[in-house]
Amino acid sequence: MQKLFNNSRAVLNKSLGFFLFAALLLWIKTYAVYNVEFNLGIENTMQKFLLFMNPISSALLFLGFGLFAKGKKSYIWIIIIDFLLSFLLYANIVYYRFFNDFITVPTLTQTKNAGDLGQSIGALVHPYDFLYFIDTLLLIILVSFKFVKPQQVKMKRKTIVAVFTAAVVMFIVNLGLAETDRPQLLTRTFDRNYIVKYLGMYNYTIYDAIQSSKSSAQRALADTNDITEVENYVKANFASPNPEYFGKAKGMNVIYVSLESLQNFVIDYKLNGEEVTPFLNSLAHDGNTFYFNNFYHQTGQGKTSDAEFMMENSIFPLPQGAVFTTKGQNTFQAAPAIYDQLGYTTAVFHGNYKSFWNRDVMYKALGYEKFFDAEYYDMNEQDVVNYGLKDKPFFKESMPLLTSLKQPFYSKFITLTNHFPYPISEEEATIEPHTTGDGSVDRYFQTARYMDEAIEEFFNDLKEAGLYDNTVVVMYGDHYGISENHNAAMEKVMGKEITPFESAQLQETPLFIHVPGVKGGIQSQYGGQVDVRPTVMHLLGIDTKDYIQFGTDLLSSEHSEIVPFRNGNFVTPEVTAVDGKYYDTKTGLLIEANEDIKQSEEVAETKLRLSDKTVYGDLLRFYTPEGFKTVDPTLYDYNKREEK
């Protein structure tokens, strides 16, 4: 035993030995994280092998830079690099626990949002998380307590070259094997899950940085010719409005309500024999409201802000980061600007501070005249939870502001209470929690009920204010509320196994469009968030054929029922495509690809590609629809002025 101890110490006294030991610990830890924290969808032996193998090249490459130093400095460099890699890994763990996704370079610009996360971050950090830094701590102890005594010699150049050569060779072998299992891995990268699964967490970070640099360069290199392909595609696929509905809401006010985290399975769901959302259920079945029961969110990393972006622009969000935080200086031809130029007063109501999601910048680019943020509300401790003002006081306090607007108005309300981790007091909970054993899932039904009650009160207030009979109310679920990380609990909720197919179906969110005097009813056509803008505008009698939009009117006979997801998957009434596999949408059974499926897949990919081209290249600066005046953001001022 003493001999083994002495031999180990002798190995660690050399920079190469210490380096290899650190690389081994990082490899083991990273592989453990893959299996414990991430749901990467391992399907075959090759993927299992690649998952085991892919941390090696990264560990050798990054820790290898420590070998350029001499003696103890080399050890310190290795420890610092190991800590930075561990911190990157842990940051992705915490991010993945909620978003079921990985951090991208653009999301780092969203860090100012972290200050408002409050209870969300607390719920995402676990007591055992210190173990993810145990290897770094061990290395520090070995050096600090002089268990190892670094030799004051500089590593031979040929040894360093051999280390980096080994790292490169390992990566090339890794990439080659990955390409055999998933061809075009690096060129068809809508899904970050694939990159991490095949190439690893650290290699993914390098790849993401390269992709972000390329996207930043696209704007500088874009010119007027780039918009031509987009314009031709959009106009060739325009869906003419349904004459039965076109202009039926002409001159009416418009109110959008973002239903935070509300998934469609909640509609008509009964918990212990009690309806979770009785008011929304009544709207779904009253025949006077259009309720779309095959409607899907299409958000990416921007979540609520992505949903807003699609609703306002009928353009897809980005595959990395959020448009709101990374493209606030772009040119847009958004709904608020269009309505404003038609004589509407445009306003947003939100019980949080205006800087969250960069809204104070983005709303100006979209053309919103007014933004009523937290400065206009009583943000007392009792009424604030999680991300801001609770829904009931939010709507109550918004009514005087809403009635002060000159009509017709186009407005948007963003709810907050039904947000992870779904905190709610016993006094405010009017339904018992679920009993899955997963706290956030169980409370989700209580906060959804609270939001439902707040919406009902808002509708009653609209009636009392005399606005109800002359206002189109559009309510939409902005994104999923319960991620795939909670599938075990969701299986108890749904009473069935949550397969990849079922998980795709859980991306359904409700869409309600209430138009006074117009008969609605349940609408079963398939659609997504990019389809809402042309639908509502056509109801108001606004012609949209000259605008760049990737959605189509849900009420049109020419509406496209191919619904692309931001990760490249898609759903139609016939097929649901998930990670390269195809399922019958009605039965959930696996089916073989055919020509129709391939055509639908091509449509989905083309829409995403051209949408990304439009946003990354800021192409709308080269195209102005007839009669539209380009927005000047400097004309708007969202600072509250005290009344004299």
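This is a predicted model: local features need pLDDT of at least 70, side-chain atom pairs count only at pLDDT 80 or more; totals for chains, interfaces and linings use all residues.
Modeller: A residue is called exposed when its relative accessible area is over 50%, and buried when that area is under 20%.

Biologist: Where does Asp-579 lie, and what is its relative accessible area?

Modeller: Asp-579 is in the loop between β17 (575-578) and β18 (581-584). With a relative accessible area of 30%, Asp-579 is partly exposed.

Biologist: Which residues does a cis peptide bond join?

Modeller: Most peptide bonds are trans. Another joins Phe-420 and Pro-421, with omega about 5°. Pro-408 lies in the loop between α17 (391-403) and β10 (409-414), while Pro-421 is in the loop between β10 and α18 (439-464).

Biologist: Is Glu-37 buried or exposed, and what does it touch?

Modeller: The cut-off for buried is under 20%. Glu-37 has a relative accessible area of 10%, so it is buried. Its place is the loop between α2 (15-36) and α3 (45-53). Leaving out residues up to four places away in sequence, Glu-37 touches Ile-93, Tyr-96, Arg-97, Tyr-128 and Tyr-132. The side chain of Glu-37 makes a polar contact of 2.7 Å with the side chain of Arg-97, and another of 2.7 Å with the side chain of Tyr-132.

Biologist: How many helices and strands does the protein chain have, and why is it called as compact as a globular protein of its length?

Modeller: The chain has 22 helices and 19 strands. Its radius of gyration is 27 Å, close to the 26 Å that the globule rule gives for 644 residues, so the chain is as compact as a globular protein of that length. Buried residues make up 58% of the 644. Among contacts between residues at least 6 apart in sequence, 78% join residues at least 24 apart.

Biologist: How many side chains are positive and how many negative?

Modeller: The protein chain has 57 positive and 75 negative side chains, and the centres of the two sets are 13 Å apart.

Methods. Residues are numbered from 1 along each chain as its sequence is written. Side-chain values use heavy atoms; hydrogens and water are left out. Helices (H or I, at least four residues) and strands (E, at least two) are DSSP runs, numbered from the N terminus. The radius of gyration is taken over C-alpha atoms; the globule rule is 2.2 Å times the number of residues to the power 0.38. Buried means under 20% relative accessible area, exposed over 50%, partly exposed in between (1.4 Å probe, protein chains only). Contact means heavy atoms within 4.5 Å. Lys and Arg count as positive and Asp and Glu as negative; His and the chain ends are not counted. The place of a charge is taken as NZ of Lys, CZ of Arg, CG of Asp or CD of Glu. A polar contact is a pair of N or O atoms within 3.5 Å; within protein, one must be able to donate a hydrogen and the other to accept it, and residues adjacent in sequence count only if both atoms are side-chain atoms.
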